[in-house]
There are 2 protein chains.
Amino acid sequence: MKSSPSSFVISNVRLPDGSPVAVSIADGRIADLGPNVVPQPGASAENGGGALLLPGFVEGHTHIDKSNWGREWYPNEVGPTLMDRINNERNWRKTSGHDAATQSLALSRAFLQAGTTRLRTHVDIDTEAGLRHLEGVLGTRQTLRDVLDMQIVAFPQSGMLKRPGTVELLGSALAEGADVLGALDPALIDGDPVASLDATFELAERHRKPIDIHLHEPGEVGAFTLKLLLDRVAALGMQGQLVVSHAFCLGALPERERDALLERIANLRVALLTSAPPSRTVPPLRTCRDKGVTIFGGNDGIRDTWSPYGVPDMLERAMLIGMRFDMRRDDELAIAFDCVSDAAARGCGFRDYGLRVGARADLVLVDAQTVAHAVVARPVRKLVVANGKIVARNGALLQAA
Amino acid sequence: MKSSPSSFVISNVRLPDGSPVAVSIADGRIADLGPNVVPQPGASAENGGGALLLPGFVEGHTHIDKSNWGREWYPNEVGPTLMDRINNERNWRKTSGHDAATQSLALSRAFLQAGTTRLRTHVDIDTEAGLRHLEGVLGTRQTLRDVLDMQIVAFPQSGMLKRPGTVELLGSALAEGADVLGALDPALIDGDPVASLDATFELAERHRKPIDIHLHEPGEVGAFTLKLLLDRVAALGMQGQLVVSHAFCLGALPERERDALLERIANLRVALLTSAPPSRTVPPLRTCRDKGVTIFGGNDGIRDTWSPYGVPDMLERAMLIGMRFDMRRDDELAIAFDCVSDAAARGCGFRDYGLRVGARADLVLVDAQTVAHAVVARPVRKLVVANGKIVARNGALLQAA
């Protein structure tokens, strides 16, 4: 990233509250932010042109290893069940020439271009692919290490207990650089929720890693699994070390049962992730927040064999979250944006985040009057700064990124 | 539209089924379409560059009179009920300097630019605004008459029976150029479903106009109103003359009751419109189609005081419809596209529509491999032809439109 000066000032921008400010960036950090910023000696200048200043976006849950982004269109003729999709994808991987390194790099660059500077990706680990996807994504993380802050979840997409050898592979993935242990539907995929979760927590403890579980299990069976999860967090002292992704069950329980679960979730500092799918039940976002639960947003898969939908633009994801929860007021749309910025950084444990002095300089400029306007209009990114480096201008990634 | 030749050939394009064709346009019509097109004498040539050829899009339900499109951002601080939104909007109209003529023209042009060549808009008629919105929209229709095929629905947004004088205004609107009679929640807004629907059908009969009703009424009350509607269609012989917009109730009834209603709806050739909102129950799209019901798509309001969401891009609306109904396969996404093309033309009664010889030449070219790809990627429109005239190129409206 030699094209970007190490110290510069962006003048003539507005904070989300409307106040006009400038921001001074030095050594990858926000050195100053306010109406009267004094540039560092030798700093160069950027005129923000009155743009809205936002923090770099946070993708809380995606799958960059398996995307078809930028490739030939994948004609989807897959059957309707979860296992149809899992088996279809495993077969497709063998025959398509798909390469996790190439694809994850293409999609990560598209994320950066659209203002995402922190990203949590789940990466398939199974007995057929072994650690190949992990190696590809580790290569992408290394390539973009100066600009994109990436967390990797070792994810047993094909099931864990049901495919012997997977636990050992997950252990190897954690040893080789995965940051988080993934898991998947211990009842409906693995078939034995207690044994599956015991194995998951044992592995996480051994490697001292947090857990992020895909919990698609609906209604009462999902609630049953969720209770098993919370019991283990409490027993092992893993407060703040679990993300439950999707948690569709929380959208389909009687209010009393749901609220009791949400209170335990808040007390154990377990976080929830939603992509806000319009065709599934979803955790009640406002109630979650009211109860003190961190709930944040992510795209889930982007244009892969599971689903053709998704773009690497967290403003669009914020819009979809807002629509899913019927958020129409500006103060509600600010919550939708929080799901792909502060709440996501908190839920994933990304450090030094935010529009404040001392934070990592991850910034996005857009021509929008307010945050709500930015979310619904999804304007071209005028400028993207990642870790203090200018990586994109007017919607185009700079060559160096 | 003097910039566009009256006769031209677009070569090197692909039909939705993948077959390479050219299309010859003369006097506003598709004169020829196929692999071996003979140009009209003196026709000029356009090279489609291998693009996908789609029919012009159809917006089945929007409100171009009340949009804030292209204006200053409207900060939404509105309360949560339907009446909050209705009253807020009426107050805002008085104070905002909003002008239905200017706004409807700006939004209609944005629709054209993104490939929409046929559009049904509801226009507010009430005892405060009188016919002012209608006059504005009639002006826009006149301005764009050579390119945009517009249907105007006279819509009692503030209620009908509950605001004396509204019935007479609706009659005047129909006399002055509105094509369709609108209506709104006869039980929950008007408070008297039988009297309200009797007045609506009497007015429609007198003016020999079809009806398009906003039916937000949920569950069993919506089903009650729907039965009253169907009874009147049958009694008055108004088969094929009613659109029920939204019809949230059809997403929340026991299957047996719902299916009996859908069978009557199909037999009476009543059509359904959905914007596929992710936070409401919606008519079951596939079941509707299986039962022979025409169900089509529309944006509803775009960036107005009701809702900040929406863009005048029917590919994005098709994507949202696809997401709402969990359509992931390519053949399912083709159905989502049908909702904003053929099905919408059929539901609204737009004539001479489609990719066939003799139809009005309404065409869109996009760089996409398939229809499904176009829906999820929403690429820039390479070329838009409306009524045989080139109105937009590479995402930009030509000056003449």
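Helix 2 of chain A passes helix 3 of chain A in a right-handed crossing, where right-handed means that the near helix is turned clockwise from the far one by less than a right angle, and left-handed that it is turned anticlockwise. You are looking at a predicted model, in which local features need pLDDT of at least 70 and side-chain atom pairs count only at pLDDT 80 or more, while totals for chains, interfaces and linings use all residues. Residues are numbered from 1 along each chain as its sequence is written, with chains lettered from A and ligands numbered from 1 in the order in which they are written.

Let's stay with that first pair. Helix 2 covers residues 100-113 of chain A and helix 3 covers residues 132-143; they pack at an angle of about 40°, with their axes 8 Å apart. Helices (H or I, at least four residues) and strands (E, at least two) are DSSP runs, numbered from the N terminus. The axes are lines fitted to C-alpha atoms, for helices over the stretch in contact, and angles run from 0 to 180 degrees between N-to-C directions. Helix 2 and helix 3 of chain A are therefore oblique to each other; angles under 35 degrees count as roughly parallel, over 145 as roughly antiparallel, 65 to 115 as roughly perpendicular and the rest as oblique. From helix 2 of chain A, A:Ala100, A:Ala101, A:Ser104, A:Leu105 and A:Ser108 meet residues of helix 3 of chain A, among them A:Gly136, A:Val137 and A:Gly139. Two residues are in contact if their C-beta atoms, placed from the backbone, lie within 7 Å. This contact divides into four nonpolar, seven polar and one charged residue (Ala, Val, Leu, Ile, Met, Phe, Trp, Tyr, Cys and Pro count as nonpolar, Asp, Glu, Lys and Arg as charged, and the others, Gly among them, as polar).

Helix 6 (residues 219-236) and helix 7 (residues 255-267) of chain B pack at about 25°, with their axes 11 Å apart. Helix 6 and helix 7 of chain B are therefore roughly parallel to each other, and their crossing is left-handed. Here B:Ala223, B:Leu226 and B:Leu230 of helix 6 meet B:Glu257, B:Leu261, B:Arg264 and B:Ile265 of helix 7. By class, that contact has five nonpolar, no polar and two charged residues.

Now step back to the domains of chain A. Domain 1 takes in 7-55 + 355-397, and domain 2 runs over 57-348; such bounds come from an automatic or database domain assignment. Their C-alpha centres lie 29 Å apart, and the contact takes 18 residues from domain 1 of chain A and 22 residues from domain 2 of chain A. On the domain 1 side, helix 12 (371-377), strand 14 (381-386) and strand 15 (389-393) of chain A each supply at least two residues. Helix 12 of chain A gives the most to that side, with five residues.

Finally, how do the two chains sit together? A rotation of 180° with 0.0 Å of shift along its axis superposes chain B on chain A (RMSD 0.0 Å), by least squares on the C-alpha atoms of residues with pLDDT of at least 70 in both. That is the relation of a two-fold axis. In chain B, the C-alpha of B:Pro278 is nearest the axis, 2.4 Å from it. Between the chains, 25 residues of chain B are in contact with 25 residues of chain A. Helix 12 of chain B gives the most to the side of chain B that touches chain A, with three residues.
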